[in-house]
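Keep the structure open beside the text.

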Amino acid sequence: MEQNISVLVMTLLSLIVLAALTLPFLVHKVEEELEIFLLVCGLAAVTVSSAWSGHLVAEALKEPVAITAAVLVLGVLFKRFGHLIAHMVHAVEVKTGPKTLLFLTVFIIGLFSSVLTAIIAALITAEIIKLLDISAREKTRLAVYACFAIGFGAILTPIGEPLSTIVVAKLKGDPYNADFFFLLRLMGVWILPALVLFAALAARMGKKNITSEPTGKSEAEPYKQIFIRAGKVYMFVAALILLGDGLKPLAARTITHLSKYALYWINSLSAVLDNATLASIEIMPSLPKETLVFLLASLILAGGLLIPGNIPNIICASKLGIKSREWAREALPVGLAMMVVYFIVLSIVL
């Protein structure tokens with residue numbers, strides 16, 4: 001009887017994952033109300049896995065507060081001082097040209113997201129992209145490249161994003177004795193080439209001038225829109241916390257005793273399931289260094305494939321009005337190609 005219940009739970013959780021991965025692309029209403037849909041998925045996952053607890057409810061209510069506050073405060077600051085940012089961006093383009101502007105934007109923001117935090121890096125990125133005189137599809141493509149870069153860069157220190165925080169916390173003891181610079185030493189050689197690549201892809205879009213002389217009368221968005229976006233980000237993050245906790249039994253059952261090669265591709269789930277959740281299940285001190293690199297590379301890459309995969313994606317998509325299909329159209333080809341390339345290179349080198 002217990003075995004039948006367990007099979008039923010695993011089946012239902014698998015269906016929830018399938019729904020989260022596919023319905024935003026198949027049903028327009030779901031795409032329009034993605035935050036509500038993911039919240040429903042999260043509530044369903046926690047209910048199916050019987051994971052409800054006072055701690056989980058408190059975490060789902062509390063954890064999104066800091067991110068939402070950052071989105072709200074910086075949204076107001078950008079509204080107030082957006083014209084100064086516009087002048088700075090235009091000045092850089094005048095001195096360097098559009099290709100260099102785009103290269104530096106993606107590379108520097110990606111690299112310094114490890115100290116700025118992924119959230120602030122994403123907010124700055126979205127604000128810069130809003131200023132550019134390029135098509136909506138080009139803005140989506142640039143946001144995708146920048147968010148991939150932020151995902152890579154933010155892992156270099158434990159303050160960059162939750163994924164790096166969890167990894168360092170779990171490896172503080174023997175044999176790794178992880179310190180503040182542990183991930184920089186472990187992953188730096190794999191991170192920097194990716195930052196250069198995404199910056200170079202962005203630079204290819206700079207075929208003509210992409211900024212105009214700021215007039216001082218920037219079209220600042222209304223406060224109502226700033227508050228609505230902050231509310232959506234709160235809902236999005238709460239949904240991912242519930243979804244991640246509810247799907248833990250499925251993730252734990254799925255990844256048990258798998259090889260590093262299988263885990264690499266299983267981690268594609270982080271396209272919709274917060275990669276910090278998978279890291280909390282997979283990362284342990286007994287893992288060989290080679291396996292650890294495999295897992296982290298796949299979690300970073302898969303996190304950029306879809307909007308729910310990473311906080312920077314959520315922030316940029318919300319601020320720039322990017323829909324699920326639009327994001328996937330630009331992110332999946334480059335993201336999956338990078339996953340294949342990294343898999344081959346890591347398999348050869350490690």
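Predicted model: local features only at pLDDT ≥ 70, side-chain atom pairs only at ≥ 80, totals over all residues.

Helices (H or I, at least four residues) and strands (E, at least two) are DSSP runs, numbered from the N terminus. Residues are numbered from 1 along each chain as its sequence is written, and side-chain values use heavy atoms, with hydrogens and water left out.

Stay with Ala 58 for a moment. Is Ala 58 buried or exposed, or something in between? Buried means under 20% relative accessible area, exposed over 50%, and partly exposed in between (1.4 Å probe, protein chains only). Ala 58 counts as partly exposed because its relative accessibility is 40%. Leu 34 lies 24 residues from Ala 58 in sequence. In space, the two C-alpha atoms are 23 Å apart.

Rolling a probe the size of a water molecule over the atoms shows where empty space is left. The search runs on a 1 Å grid over the protein atoms alone. A cavity is a set of points where a 1.4 Å probe fits but cannot get out. A pocket is an open set with protein on both sides within 12 Å along at least five of seven lines. Lining residues have an atom within 4 Å of a point. Grid points are joined across faces, edges and corners, and a volume is the space filled by probe spheres set on the points.

How many cavities of 30 Å³ or more does the whole structure hold? The search finds three. The largest cavity has a volume of about 80 Å³. Leu 34 is one of its lining residues, which also include Phe 25, Leu 38, Val 272, Ile 307 and Ser 324. Helices α1 (2–26) and α3 (34–48) are the elements that give two or more residues to this lining. The largest share, three residues, comes from α1. For residue classes, Ala, Val, Leu, Ile, Met, Phe, Trp, Tyr, Cys and Pro count as nonpolar, Asp, Glu, Lys and Arg as charged, and the others, Gly among them, as polar. By class, the lining of the largest cavity has 10 nonpolar residues, one polar and no charged.

The second largest cavity holds about 40 Å³ of space. Val 17, Leu 247, Leu 250, Ala 251, Leu 269 and Leu 273 line it. That makes six nonpolar residues, with no polar and no charged ones.

Now the open space. The largest pocket contains about 690 Å³. It is lined by 32 residues, and Glu 63, Pro 162, Ile 241, Asp 274 and Ala 276 are the closest to its centre. Helices that each supply at least two lining residues include α4, α6 (118–131) and α15 (311–320). Which helix gives the largest share of this lining? Helix α10 does, with five residues. The lining divides into 17 nonpolar, nine polar and six charged residues.

Next, the surface. A nonpolar patch there includes Val 92, Leu 104, Phe 112, Ile 159 and Phe 181, and its members together have about 880 Å² of accessible area. Patches are made of residues with over 30% relative accessible area and no salt bridge; like charges are joined within 9 Å, nonpolar side chains (Val, Leu, Ile, Met, Phe, Trp, Tyr) within 5 Å. Areas come from the Shrake-Rupley method with a 1.4 Å probe, and for residues only the protein chains shown count as cover. Helix α5 (residues 98–116) gives the most to the patch, five residues. Phe 112 sits in α5. Phe 112 counts as partly exposed because its relative accessibility is 44%.

Last come the charged pairs. A salt bridge is a side-chain nitrogen of Lys or Arg within 4 Å of a carboxyl oxygen of Asp or Glu. The whole structure has eight. In one of them, Arg 325 pairs with Glu 31, with the closest N and O atoms 2.7 Å apart. This pair links distant parts of the chain: Arg 325 is in helix α16 (residues 324–349), Glu 31 in helix α2 (residues 28–32), 294 residues apart. Arg 325 is partly exposed, at 37% relative accessible area, whereas Glu 31 is buried, at 6%.

Lys 319 and Glu 127 form another salt bridge, with their closest N and O atoms 3.3 Å apart. Lys 319 in α15 and Glu 127 in α6 are 192 residues apart. Both are buried.
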